[in-house]
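Q: I would like to go through this model with you. Could we begin with the overall picture and then turn to particular residues?

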Amino acid sequence: MEQKKKMKSVLSVLAVSLMFSGSLIGCGAKDKTEEPAQSNATTQEPAQTEPAKLEPVDLTWYLDGSPQSDVASVEAEMNKILKEKLNVTLHLKIVDWGAYDQKMQVVNAADENYDLAFTANWANNYYQNVNKDAFIPLDDLLEKYAPTIMQTLPKMGWDATKVKGKIYAIPNYQAWTMTNGIFMQKDIADKYGIKPDSIKKLEDLTPFLEQVKKNNPEMVPYENEYQGMFGKNLVYYDFDEVAGRNIPGVIKLSDTSLKVVNQFESEEYKSFVTLMRDWYQKGYIRKDAATLKDVQADRKAGKTASMNAGNIGPGGDTDFNSAMGEDVYIARLTKPYLLTSSIIATMTGVSSNSKNPERAVMLLDLLFKDKQLYNMLAHGIEGKHYNKVDADTVEAIKDSGYDPQFDWEIGNQFNGYYLKGQQKLWNATIKMNESSTPSPLLGFSFDPAPVKSEIAQVGTVTAQYVALLETGSVDPDKMLPEFIDKLKKAGSDKIIAEEQKQIDAWKQNK
């Protein structure tokens, strides 16, 4: 890992490294020789956790992922454990990736009674949910009902989640760093003599895409879809976002002054959408990419020749071997960074409409504590959905009806089994977290309340333009200036000014 030359940066890295080394090791990694790390939080045993003393309750959990045909059998097995330990019956609602944002907007607008939901900076936007009172503050509930979570997560994780000094979601414990890069199908790359180490920037992928388009017309050379791809390349373009995906406002990772700029007005954004336009016109991107809601079908059919990965951790090739149905090469385009936005990229919030928030937090705490329960949700039922390779490694059974691949979304991933080929992955993940360069914005959390209406107005504009521009479906020379003009009319400059104001105040108090 390349060290920064300035002593201030070195000290920052060391501080973060020491914090992680004291908190990560032993908190679920396969090496069990270390004692679990203790956080700075004061915890107490949850009151009245004996099932006999708890009234039976039903809990509903919304998750972002590919719907599973045999989720019912997994629910049933999990509920045997939950009934015994918490007197809970859990209902899993796995909503397809492409529909999750819209679904949760409808659910929240209708004041639906649910308990838990996946939230992030890029899906079911965390800050906007807090702003709309969709989630409850969890500080008191965590102190009373989540001793395992409080003892497991490092202080930095909690600091990243705070809005107005309160915690509104629980970070899932996994790779908290951000590394951008590209995946390519290995056999196709080998066929055309494309080596992953030859790809240092996005443009270097063009010869591969050209060969796939020319010789494999049944394949999709480069996966792109309606959510757009610039957000999956933020670190590549030296950016860290301030208020969430597709909300104006980023800082340069190399800028310690923390000047906020509008990413959509940047030369980097113009360069990206121009490249996507070129690839689109050459047929490297699907013509319906701007409206494509489901990329899983192409992946499972082996049609996806390459794709951008928003974050690549250790063992990323194994993860995407499974996702794409083929062996892959990884071309890492950046070194790993530790960001507030990467920490809050996978979290779980408790709904304001939950009738049993205490039990919901207790369930999440049990998921951090009970490895059997965690792995059942992550992988299903042994012998039915997966087989054991060894004591710590599993292999999914093909077409079993349950292989959600969302273990990074549901709690403490360090409690999980390895997939075949991932041996010792958790230790490597710990080392990556320890050695990653911290963003100068690390620990800052934006309060969206002062620009609530502007964020809503800007969201309407980005929903209209981002997918079209970032899939290359429209001419950026014409549409990008129009997009920027509409952003300004919607209040983007006011959002930038508020972000800068809050960052400047945070810097003074830091």
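This is a predicted model: local features need pLDDT of at least 70, side-chain atom pairs count only at pLDDT 80 or more; totals for chains, interfaces and linings use all residues.

Q: How many helices and strands does the chain have?
A: The chain has 19 helices and 18 strands. Helices (H or I, at least four residues) and strands (E, at least two) are DSSP runs, numbered from the N terminus.

Q: What share of the residues is buried?
A: Of the 510 residues in the chain, 60% are buried. Buried means under 20% relative accessible area, exposed means over 50%, and partly exposed lies in between, with a 1.4 Å probe and protein chains only.

Q: And what about contacts between residues at least 6 apart in sequence?
A: Among those contacts, 78% join residues at least 24 apart. Contact means heavy atoms within 4.5 Å.

Q: Which residues touch the most other members of the largest nonpolar core?
A: They are Trp61, Tyr126, Leu142, Leu363, Leu377 and Ile410, in a core of 76 residues. Helix H14 (residues 357–369) gives the largest share of this core, eight residues. A nonpolar core is a set of buried Ala, Val, Leu, Ile, Met, Phe, Trp, Tyr and Cys residues joined through side-chain atoms within 4.5 Å.

Q: What is in the second core?
A: That core is separate and has 63 residues, including Phe272, Leu275, Tyr284 and Leu469.

Q: Back to Tyr126: what is Tyr126 in contact with?
A: Leaving aside neighbours within four places in sequence, Tyr126 contacts Thr119, Ala120, Phe135, Thr161, Val163, Ile167, Tyr168, Ala169 and Met347.

Q: Thr119 is in that list; where does Thr119 lie, and is Thr119 buried or exposed?
A: Thr119 lies in strand S3 and is buried, because its relative accessible area is 0%. Beyond four places in sequence, its contacts include Asn124, Asn129, Ile344, Thr346 and Gly349. The C-alpha atoms of Thr119 and Asn129, ten residues apart along the chain, are 8.5 Å apart.

Q: Changing topic, how many aromatic pairs are there in the whole structure?
A: A search of the whole structure gives 20 aromatic pairs. Rings of Phe, Tyr and Trp (its six-membered ring) pair if their centres lie within 6.5 Å; planes under 30 degrees apart count as stacked, over 60 as edge-to-face and the rest as tilted.

Q: Why is the pair of Tyr100 and Phe118 tilted?
A: The planes of Tyr100 and Phe118 are at 55°, so the pair counts as tilted, with ring centres 6.4 Å apart. Tyr100 is in helix H3 (residues 97–109) and Phe118 in strand S3 (residues 116–119), 18 residues apart. Both Tyr100 and Phe118 are buried.

Q: What do the buried residues of H3 pack against?
A: They pack against strand S1 (57–64), strand S2 (88–95), S3 and helix H4 (126–131). The buried residues in H3 are Gly98, Tyr100, Met104, Val107 and Asn108.

Q: What about Tyr237 and Phe272?
A: Tyr237 and Phe272 form an edge-to-face pair, 6.1 Å centre to centre with 85° between the planes. Tyr237 is in the loop between helix H9 (206–215) and strand S9 (239–241), while Phe272 is in helix H10 (residues 267–281). Ring pairs also link both residues into a cluster whose members include Phe230, Phe264, Tyr465 and Phe483.

Q: How do helices H17 and H18 pack?
A: Helix H17 (residues 452–470) and helix H18 (residues 476–490) pack at about 170°, with axes 9 Å apart. That makes H17 roughly antiparallel to H18. Residues in the contact include Val458, Tyr465 and Leu469 of H17, and Met479, Phe483 and Leu487 of H18. Axes are lines fitted to C-alpha atoms, for helices over the stretch in contact, and angles run from 0 to 180 degrees between N-to-C directions. Angles under 35 degrees count as roughly parallel, over 145 as roughly antiparallel, 65 to 115 as roughly perpendicular and the rest as oblique.

Q: And H14 with H15?
A: The axes of H14 and helix H15 (residues 371–379) come within 6 Å and cross at roughly 95°. That makes H14 roughly perpendicular to H15.

Q: Last one: is Lys164 buried or exposed?
A: Lys164 counts as exposed, at 54% relative accessibility. Lys164 lies in the loop between strand S4 (162–163) and strand S5 (166–167).

Terms used:
Residues are numbered from 1 along each chain as its sequence is written. Side-chain values use heavy atoms; hydrogens and water are left out.
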